[in-house]
Protein chains: 2
Amino acid sequence: MARRDFHPEEHPFGPAVGRLVNRLADLPGVGRKSAERLANHLVSCSKREALELADAIRDVKERVHRCQRCFNLTDGELCPICRDSRRDAAVVCVVEQPRDVASLEATGVFQGVYHVLGGRLAPLEGITPGDLTIDSLVERVRNQGVRELVMATNPTLEGDGTALFITNLLEGSGVKITRLARGIATGSVLEFANREMLADALRGRQSF
Amino acid sequence: MARRDFHPEEHPFGPAVGRLVNRLADLPGVGRKSAERLANHLVSCSKREALELADAIRDVKERVHRCQRCFNLTDGELCPICRDSRRDAAVVCVVEQPRDVASLEATGVFQGVYHVLGGRLAPLEGITPGDLTIDSLVERVRNQGVRELVMATNPTLEGDGTALFITNLLEGSGVKITRLARGIATGSVLEFANREMLADALRGRQSF
């Protein structure tokens, strides 16, 4: 017997809570039961805590947009990374999405700046160079003293294809183009590595 | 190498997103990584979808309060269950918290109404009868033609103690007092019981 879900108008706490449960259940990775629990929390927590969350959501929708230079997300004119004078603006890491910037930043390893393409080339879905920020990237390379591009598109057929397209486009520009190392993931188990991962790891083997 | 958490002012998407991540990570059961993913979704989803969530949170804080009769949550004067003329107002199920009402309603088995105590007696924590809605319950029994009280406090020492206290208080009032069948495990919490367990417990309720 499955647990019954409440239509918002029939929620035992009334439609206001019912609507909140539905909105929360729309979020990725949030099921009905989690949505009920979150709604219960928001009903019973302090008004201040709940309104801070509501305001933070509103704030993000009203203020966050694309960085003028790198197309990362930001609430300023330039994003925090482009604004940071300690970053090396001559080394540009090319990623598909802003969330990739966040993932790479979380490592604390990269000291350069980024360029967010806004996706990857996918001819079958009709996503062509004009849909991405490739023109702006070429312009940055030509006119803003970029020394190295680090390709960090996803290691998929389409991500690799996009990186290759850009590499061809910039042939003769003199910029050094690298890509993220391919191999086995630290903490993983060889036994479960797939053929591509192991082949990459073998081809790219490094001196100990 | 552990993933680095961003201070809100240092978030790579700027402080507005950083604050939203922090607010989301304050929610129960939402870790840093989930909070980042939810914030990414809220940044990239339609403005309408995000503001509907923000408004639903605000709405709940501004409009939801206790039902005047049973102390369940509601955005009306009475809660949807007390308002429903098809429910048998002579059979009152006594629970600790509004979330218990939601759990019992999800079974679809109970046709009576509720009384939310607002907690359970816990002398060691200083929670005494005056802290709960026991006076109102006694008043309902005495003056509103209640035929049966179904005790559905949590099956814990304190929940059982609270049910026993109320039973003693109403001795001689003529009301029939039952309790949920022990299909529910002693020491567990009603909120997490599944629908089968709760439905069996309702059907098999026994004289106190």
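The crossing of H3(A) and H1(B) is left-handed, a term used where the near helix is turned anticlockwise from the far one by less than a right angle, the opposite, clockwise case being right-handed. The structure is a predicted model, in which local features need pLDDT of at least 70 and side-chain atom pairs count only at pLDDT 80 or more, whereas totals for chains, interfaces and linings use all residues. Residues are numbered from 1 along each chain as its sequence is written, while chains are lettered from A and ligands numbered from 1 in the order in which they are written. Helices (H or I, at least four residues) and strands (E, at least two) are DSSP runs, numbered from the N terminus.

The axes of helix H3 (residues 47–63) of chain A and H1(B) come within 9 Å and cross at roughly 150°, where axes are lines fitted to C-alpha atoms, for helices over the stretch in contact, and angles run from 0 to 180 degrees between N-to-C directions. H3(A) is therefore roughly antiparallel to H1(B), the description applied to angles over 145 degrees, as against under 35 for roughly parallel, 65 to 115 for roughly perpendicular and oblique for the rest. On the side of H3(A), the contact is made by A:Glu52, A:Leu53, A:Ala56, A:Ile57, A:Asp59, A:Val60 and A:Arg63, and on the side of H1(B) by B:Ala16, B:Val17, B:Arg19, B:Leu20 and B:Arg23; two residues are in contact if their C-beta atoms, placed from the backbone, lie within 7 Å. By class, these residues comprise seven nonpolar, no polar and five charged, where Ala, Val, Leu, Ile, Met, Phe, Trp, Tyr, Cys and Pro count as nonpolar, Asp, Glu, Lys and Arg as charged, and the others, Gly among them, as polar.

Helix H1 (residues 15–25) of chain A packs with H3(B) at an angle of about 150°, their axes lying 9 Å apart, and this crossing is left-handed. The contact of H1(A) with H3(B) involves residues including A:Leu20 of H1(A) and B:Ile57 of H3(B), and has seven nonpolar, no polar and five charged residues.

Over the interface as a whole, 56 residues of chain B are in contact with 54 residues of chain A. To the side of chain B that touches chain A, H3(B) gives the most, with 14 residues, and the residues of that side divide into 28 nonpolar, nine polar and 19 charged.
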